[in-house]
Amino acid sequence: MKIPNIAKEDILNAFNYRHATKEFDASKTISDADMKFILETAHLSPSSFGFEPWHFVVVQDKELRELLKLVAWGAPLKLDTASHFVLGLAMKAPMVKHNAPYIEHMMKEVKQMPAEVIEMYSKFYREFQERDFNLDTDKKLFDWSSKQTYIALGNMMTSAALTGIDSCLIEGFHQEKAEALLQEKFGIDTNKYGLAFMAAFGYRKADPEFPKSRRNFEDIVTWK
């Protein structure tokens, strides 16, 4: 596979262009092809051990968007104006614990590992959870899954910016109430999945009022 030669300047321009879009132009809609492209970059994203502990729900139904407003104080304007609204779900302990059926499925059916490789991989994964990262509670395991899910989110937002599409990450929601809603109205098994983030995609209604601000590069990078 040949990697296209994308100019570094074009990539940095996309990062500078991207901002947390508070309000979208409701008259503009992302094409099906463009949204599938954005979601495919999530699909192809890396994850720890390659176990993909995520699921993404694209909420286009207006009635469901209205219900989300009741549990997400940071989302109403985006829910009204965004072309596409995505819920990022991260797997909970029953799905990602080292001896979970899902993990066995990933190794056997998805990765098609030989039996001896599965045995070795399982040992490494168990030691990673029990010794290296001390993932000994349900909350720690969910937080670990959420970290992986944010990798996919970053790739979606970057790929959107590279194609002139705006986005906004939303963490302004009541997690417990939101998950109760997901179980009742969205058919999500919240014993298996928890809500890690919400994200809106579309086209900005106006340019940001203030230029992008960041700490000095030297303040965030140390060379040794």
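This is a predicted model: local features need pLDDT of at least 70, side-chain atom pairs count only at pLDDT 80 or more; totals for chains, interfaces and linings use all residues.
Residues are numbered from 1 along each chain as its sequence is written, and side-chain values use heavy atoms, without hydrogens or water. Local features need pLDDT of at least 70 and side-chain atom pairs count only at pLDDT 80 or more, while totals for chains, interfaces and linings use all residues.

Helices α6 (residues 101–110) and α7 (residues 115–132) pack at an angle of about 145°, their axes 11 Å apart. Helices are DSSP runs (H or I, at least four residues), numbered from the N terminus. Axes are lines fitted to C-alpha atoms over the stretch in contact, and angles run from 0 to 180 degrees between N-to-C directions. Ile103, Met107 and Lys108 of α6 meet Ile118, Tyr121, Ser122 and Tyr125 of α7; contact means heavy atoms within 4.5 Å.

Glutamate 179 lies in helix α9 (residues 175–185). Its relative accessible area is 11%, so glutamate 179 is buried (buried is under 20%, exposed over 50%, partly exposed in between; 1.4 Å probe, protein chains only). Beyond neighbours within four places in sequence, glutamate 179 contacts Lys92, Thr190, Tyr193, Gly194 and Leu195.

The whole structure holds 12 salt bridges (a side-chain nitrogen of Lys or Arg within 4 Å of a carboxyl oxygen of Asp or Glu). Lysine 69 pairs with aspartate 80, with closest N and O atoms 2.6 Å apart. This pair joins helix α3 (residues 62–69) to helix α4 (residues 76–81). Lys123, Glu127, Arg131 and Asp132 form a salt-bridge network.

Key. Helices (H or I, at least four residues) and strands (E, at least two) are DSSP runs, numbered from the N terminus.
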